[in-house]
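Good morning, everyone. Please take a moment with the sequence and the structure before I talk you through one part of the fold.

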Amino acid sequence: MGAKPVSYTKWDSDITGRELPPPSLPGYKILGEIGRGSMGVIYEATSDKVGSVAIKVLNILAANGDMAVERFRREVTVGARIGHPGIPTVYDSGTVQDGRYFLVMELLRGCDLEDWWEEPGHTRAEALDLICEALEPLAAAHEHGVVHRDLKPENLFVEQSGAVRLLDFG
């Protein structure tokens, strides 16, 4: 499964415009950047406790907005609250020394539904099956009073195994 090229922007820079380095977190070794989104940067890392993980770091400009911080904190707690295998597990969270917020979650291998669809050979029936599979964690979220609010192909992750995970509950 192919991956989108990472787009580089300056929203995760300090006030001088310098790119911020990956965080230094005790117990984790950052291996490299694997993605960027509207809220932050995602790094692949290894953990002393659970092995391979993904670390999402809230960008510094978003962190200055109360709404962004609240969305990020909600993302940290929602998966544990729902407890569904179709929602990635969050292992840890906190703040980096420079004040950026982070969360550590299970590392998923695969691509989002949008990239999956762009690969040749997939049928509409297969796509509908994946979307139907994503309705299970969505229903579990609704049973716990959680509304996703950002359902889109980029937030449906197709693992290499073919399983679908629902992302980004912020």
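Across which strands does H4 lie, and at about what angle does H4 run to E8? Before I answer, please note that this is a predicted model, in which local features need pLDDT of at least 70 and side-chain atom pairs count only at pLDDT 80 or more, while totals for chains, interfaces and linings use all residues. Residues are numbered from 1 along each chain as its sequence is written, and side-chain values use heavy atoms, with hydrogens and water left out.

The answer is that H4 lies across E7 and E8, running at about 45° to E8; axes here are lines fitted to C-alpha atoms, for helices over the stretch in contact, and angles run from 0 to 180 degrees between N-to-C directions. Helices (H or I, at least four residues) and strands (E, at least two) are DSSP runs, numbered from the N terminus.

Among the buried residues of H4 are Leu130, Pro137 and Leu138, where buried means under 20% relative accessible area, with a 1.4 Å probe and protein chains only. Just after H4, glycine 145 takes a positive phi of about 75°.

Turning to the sheet, three strands form an open arrangement in the order E6-E7-E8, with antiparallel pairing; two strands pair if DSSP finds at least two bridges between them. Strands E6 (110–112) and E8 stand at the edges, each with a single partner strand, so one side of each is left without a neighbour in the sheet. Three bridges join E7 to E8, and valine 158 stands opposite valine 164 in E8.

Technical notes. Buried < 20%, exposed > 50% of the residue type's maximum accessible area, 1.4 Å probe, protein only. Contact = heavy atoms within 4.5 Å.
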